[in-house]
Amino acid sequence: MSKALKAVLAVAFLAVVFVGVPMLIAATGRSDLYYTLTSVALLSIISAGVWITFYIGRINIGQGAFALLGGYVSAILVMTYGVSFWLTLPLAGIFCALVSVLIGLPILRLRGVYFAMVTLTLTEVARLLALAVPITNGARGIVSIPLPGSVTIFGVTVIPDFATLSNPRLAFYFTAVTLMVICFAGLYRLVHSRIGHICQSLQQNEELASSIGVDIAYMRILAYALSSFLGGIGGAMFAAISQSIYPSSFTIADSVNFMLNCFLGGLGYVLGPMLGTFVLYFGWDLLFQTGSFQLLIFSSILIALMLVLPNGLLSIRLRSQSQG
Amino acid sequence: MADILEVSALTKRFGGLVANNDISFNVRENEILSVIGPNGAGKSTLFKLIASFLSPTSGEVRFRGKRISGLAPHTVARMGIVRTFQETTIFKTMTVRDNVIIAHHLRSRANLLGFFFATKTAQEDEKEFARSADEIIDFLGLGHQRNEIASNLPHGHLRALGIAIGLATNPTVLLLDEPFAGMNHDETRRALDIVRGVRDRGVTVLLVEHDMPAVMKISDRIVVINFGQKIAEGTPKEIQENPQVIEAYLGAEDASIGM
Ligand SMILES: Nc1ncnc2c1ncn2[C@@H]1O[C@H](COP(=O)(O)OP(=O)(O)OP(=O)(O)O)[C@@H](O)[C@H]1O
Ligand SMILES: [Mg+2]
């Protein structure tokens, strides 16, 4: 794809997300869609984190743990310490990144299925911790979290108090898609810079990478911290929207879904996790009519898709291109 | 000539197996030193110890007087000691050119953030890497394949790419583990020229190789190991006439030593 075409597509995407969708929803009156699309945007951010760990050659099935952690960090800071939500958002991400460094130091030495298994247990560990630690309020969780307050810089209100808005759903939608756009733009830049090449070198052959001077331990930690940062941000946003967080807010099933989103969209493409989340989320909803067969049909389609398109949905585009 | 590497009393045990046993020798600046010995003698282990991919059980390696044993491999690589692998080791899904460009990583002046924001230094780095990569690719005769995906290359060219990756790091000491394996006569002759060319760029070359005629032709000096022990060290001529070496080789296999 040429640079110009990419720019046009990017602008078109922004127009659809920021103008088209709100107009369409206003016209059809389906304002419930805001919640759905906000969820997709946030889930795709969390999945983007998982995608980064894939990019350095690690299968990460533990992202739910960091989403949960991020949610709690933000909720506790808001409720107990009265910190503004907008400040807790980056703090939640940073806290998750720091924790992931501590966890990553030992476990990132593992590869393949071993790393995957350890991360799988992380989500469960996080849930049990949330049940046990006093500050999280156990199974009752943290509820009635106030909506995000206003942000004022030099007397100018940049973000209004969400509680005073007639339609906080719209505000959350704009917040979520803005974060999503920033996240994926950053990811795109990362992958297309030298850093992306270094990550790829790690993915393909860590020994060779270290022989050309790449500090593989540092790069792995960096990637994992970035991944967990995104998980924390997404989790904090979810806690703010639902105004609550419970130990079961993010479970192993969620962690698996984050991974599936990446697989489905395509591990080789930056936008893979976004498309994967969108398709998976709406696919699941569409199959709601089928009742008890929902999971069966859903799983079968997923397996079939992965067999037919091992490189994800986005590989269709490339294939048709290479055929002319 | 000054000694650039000192290998002293290097021992490596894998459980009960002693892969390297009390090996000592020095490497002189800008020479081609070959390490030979029968299969399983411990040559690759020795290279891994020198490049710090393994830590010695005892003994040490010093580079310009400074101990490097026990440091992380990327740290040793940054000091200028770079190893290529016995197995053809490349970044398979990248193009030849990208393989060589990424191997310039050590030379970056910009840091990761710099590359993310494409600062001026980072852009200059990128330009310089691309230029240097093309030069190395041409030097190794891979020019017509620069945009080929690496895994599609024929075997002989893969070996050349392995050397190109090593060269791109701008090494002071380059350790080549069986660079001529699987090459035919013509390819070996070309590869010999390349290794000489590398040395003429000022690089000190350590070579592990089973191709005896090639080793005899190219080496300044040779170290022979057998069952993990150094049994001889000297010029190609001295090695060919050494009765212990002849015995080790006749005992191990039919391969004749020398020409
Ligand atoms: N990581 C390891 N763990 C256990 N044993 C090992 C390990 N690496 C090497 N060895 C053993 O050490 C001995 C020396 O191996 P090395 O690879 O150094 O031999 P080599 O001289 O390079 O042989 P070749 O000519 O076949 O490449 C062999 O017996 C080998 O099986
Ligand atoms: Mg070997």
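A residue is called buried when its relative accessible area is under 20%, exposed when over 50%, and partly exposed in between, with a 1.4 Å probe and protein chains only. The structure is a predicted model, in which local features need pLDDT of at least 70 and side-chain atom pairs count only at pLDDT 80 or more, while totals for chains, interfaces and linings use all residues. Residues are numbered from 1 along each chain as its sequence is written, chains are lettered from A in the order in which they are written, and side-chain values use heavy atoms, without hydrogens and water.

In chain A, helix H5 covers residues 112–132; helices are DSSP runs of H or I with at least four residues, numbered from the N terminus. The buried residues of H5(A) are Phe115(A), Ala116(A), Thr119(A), Leu122(A), Thr123(A), Ala126(A) and Ala130(A). Their cover includes helices H3 (63–81), H4 (85–107), H9 (216–242) and H10 (252–265) of chain A.

Thr175(A) lies in helix H6 (residues 168–191) of chain A. This threonine counts as buried because its relative accessibility is 13%. Leaving aside residues up to four places away in sequence, Thr175(A) touches Trp86(A), Phe162(A) and Met237(A), where contact means heavy atoms within 4.5 Å.

The lining of the largest cavity takes its largest share, four residues, from helix H6 (residues 155–168) of chain B.

How values were computed:
Helix = DSSP H or I, 4+ residues; strand = E, 2+ residues; numbered from the N terminus. Expected span 1.5 Å × (residues − 1).
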